[in-house]
Amino acid sequence: AARRADLKAAHPDVGVADLARMMGEEWKSMSDEDKAPFERAAEQDKQRYRAECLAAGIEVSDVVDAKPALYYYLKSQRIAIAEANPEAGPAELVQMMRQNFAALSEEERAPFEEEAAADKTRHEQETATERAARAEKEADGAVASERLPSEASTSGSGGVASAPIAKQAKEADAFAGQRVVAVSAGYYH
């Protein structure tokens, strides 16, 4: 937060996106030694978050969600579209890319669909591995009542978290992951 404030003071006419870009460039240019305190803080924050979730009876999954084909298209086109439309803001760029993706033929979409299918397979395998590890711990009696958010019941019984709570936990985990990245980048102290 302090670095962002310093940059904002030094560049008062720069927008949020440009400030983020400047901080990202600084982060990339930092040595591993300079990044270490921020990475340690991010890891500590991640452990704190996990401990709080565990205390609340919410198990946090380490499995990253599978990405759709659109994600891979956006990733491949972002720079080219941004360079071709320098006046467009981030939301406008995403809208343009979504429209372009919708207009693709099946043949043009195929590489992105293949990446998405491979990622879905990865997600399913990692989820199965995580569930197997959880089942092994439960068999040992170490984690008798915890469930992954995706395994929570919708009735509120049979698991620690109901479906709405599980959804909130998953959203909180996604937010914490974003915050951990931001802490790693030195945006928070």
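Let me start with a term. A crossing of two helices is right-handed if the near helix is turned clockwise from the far one by less than a right angle. Keep that in mind.

The model here is predicted.

Helix 4 covers residues 69-84, and helix 5 covers residues 90-102. They pack at an angle of about 120 degrees. Their axes are 9 Å apart. Angles from 65 to 115 degrees count as roughly perpendicular, and over 145 as roughly antiparallel. Helix 4 and helix 5 are therefore oblique to each other. Their crossing is right-handed.

Who makes the contact? From helix 4, the residues include L70, Y73, L74, Q77 and I81. From helix 5, they include L93, M96, M97 and F101. By class, this contact has 10 nonpolar, two polar and two charged residues.

Next, helix 6, residues 106-139. Helix 4 packs against helix 6 at about 120 degrees, with the axes 7 Å apart. This pair is therefore oblique too, and the crossing is right-handed. On the helix 4 side we have A69, Y72, Y73 and S76. They meet F112, E113, E115, A116 and D119 of helix 6. The classes here are five nonpolar, one polar and three charged.

Now the second largest pocket. How much space lies in it? About 500 Å³. Its lining has 10 residues, and A17, R21, A82, P90 and L93 lie nearest the centre. Helix 2, residues 16-29, and helix 5 each supply at least two lining residues. By class, the lining has seven nonpolar, two polar and one charged residues.

Methods: Residues numbered from 1 in each chain as written. Predicted model: local features only at pLDDT ≥ 70, side-chain atom pairs only at ≥ 80, totals over all residues. Heavy atoms only, no water. Axes fitted to C-alpha atoms, helices over the stretch in contact; angles between N-to-C directions. Helix = DSSP H or I, 4+ residues; strand = E, 2+ residues; numbered from the N terminus. Parallel < 35°, antiparallel > 145°, perpendicular 65-115°, else oblique. Contact = heavy atoms within 4.5 Å. Nonpolar A, V, L, I, M, F, W, Y, C, P; charged D, E, K, R; others polar. 1 Å grid on protein atoms, 1.4 Å probe; cavity = no way out; pocket = protein on both sides within 12 Å on 5 of 7 lines; lining within 4 Å. Points joined across faces, edges and corners; volume = space filled by probe spheres on them.
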